[in-house]
Amino acid sequence: MTLVKYSGDMSGLKEAVQLSDHFAMQNHGRIAWEHIQPVALGRDDDDRNPNLVKVDHHSGDKQRILYGYLATAADLHRVDFETRRKVTIESLREYQQVSHPPR
């Protein structure tokens with residue numbers, strides 16, 4: 001797991017949402033991760049799992065497939081105590097209202 005920290009203002013939240021959307025459009029977002037996670041993690045053959053590694057058929061080089069999503073308050077149990085202590089939870093609903101005000 002890798003945690004990416006953004007600035008604690010609306011521009012940081014916007015960047016985080018954009019990255020999350022990018023992963024989702026590549027089918028590497030939260031939904032895809034939840035589908036492969038129980039099957040994929042903790043196995044000795046992770047480097048052969050096509051959900052986790054892409055192999056170049058010409059060279060044989062392996063490249064890790066990244067998954068990413070915007071965490072929610074419900075995800076806090078997945079990170080260590082020190083990170084939980086430092087985190088600020090922002091409201092996506094408020095972000096959306098600022099970004100796309102009602103007409």
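The model is predicted, so local features are reported only at pLDDT of at least 70 and side-chain atom pairs only at pLDDT 80 or more, while totals for chains, interfaces and linings use all residues. Residues are numbered from 1 along each chain as its sequence is written, and side-chain values use heavy atoms, with hydrogens and water left out.

**Confidence**
- The protein averages a pLDDT of 81, and 83% of the residues score at least 70, where pLDDT is the predictor's confidence in each residue, from 0 to 100.
- Confidence is highest in helix α1 (residues 10-25), at a mean of 91, and lowest in helix α4 (residues 92-99), at 69; helices (H or I, at least four residues) and strands (E, at least two) are DSSP runs, numbered from the N terminus.
- Where pLDDT is low, the predicted coordinates should not be read in detail.

**Aromatic pair and core**
- The count comes to 1 aromatic pair, under a rule by which rings of Phe, Tyr and Trp (its six-membered ring) pair if their centres lie within 6.5 Å, with planes under 30 degrees apart counted as stacked, over 60 as edge-to-face and the rest as tilted.
- The ring centres of tryptophan 33 and tyrosine 67 are 5.4 Å apart and their planes stand at 45 degrees, so the pair is tilted.
- Because tryptophan 33 lies in helix α2 (residues 30-40) and tyrosine 67 in the loop between β2 (62-64) and α3 (81-86), the pair ties together parts that are 34 residues apart in sequence.
- Tryptophan 33 is buried, with a relative accessible area of 17%; buried means under 20%, exposed over 50% and partly exposed in between (1.4 Å probe, protein chains only).
- The largest nonpolar core has 7 residues, Ala32, Trp33, Ile36, Leu52, Val53, Ile65 and Tyr67, and its largest share, 3 residues, comes from α2; such a core is a set of buried Ala, Val, Leu, Ile, Met, Phe, Trp, Tyr and Cys residues joined through side-chain atoms within 4.5 Å.

**Aspartate 75**
- Aspartate 75 sits in the loop between β2 and α3 and is buried, with a relative accessible area of 8%.
- Its side chain makes a polar contact with the side chain of arginine 30 (2.7 Å); a polar contact is a pair of N or O atoms within 3.5 Å, where, within protein, one must be able to donate a hydrogen and the other to accept it, and residues adjacent in sequence count only if both atoms are side-chain atoms.

**Asparagine 27**
- Asparagine 27, in the loop between α1 and α2, has a positive phi near 60 degrees and is exposed, with a relative accessible area of 56%.
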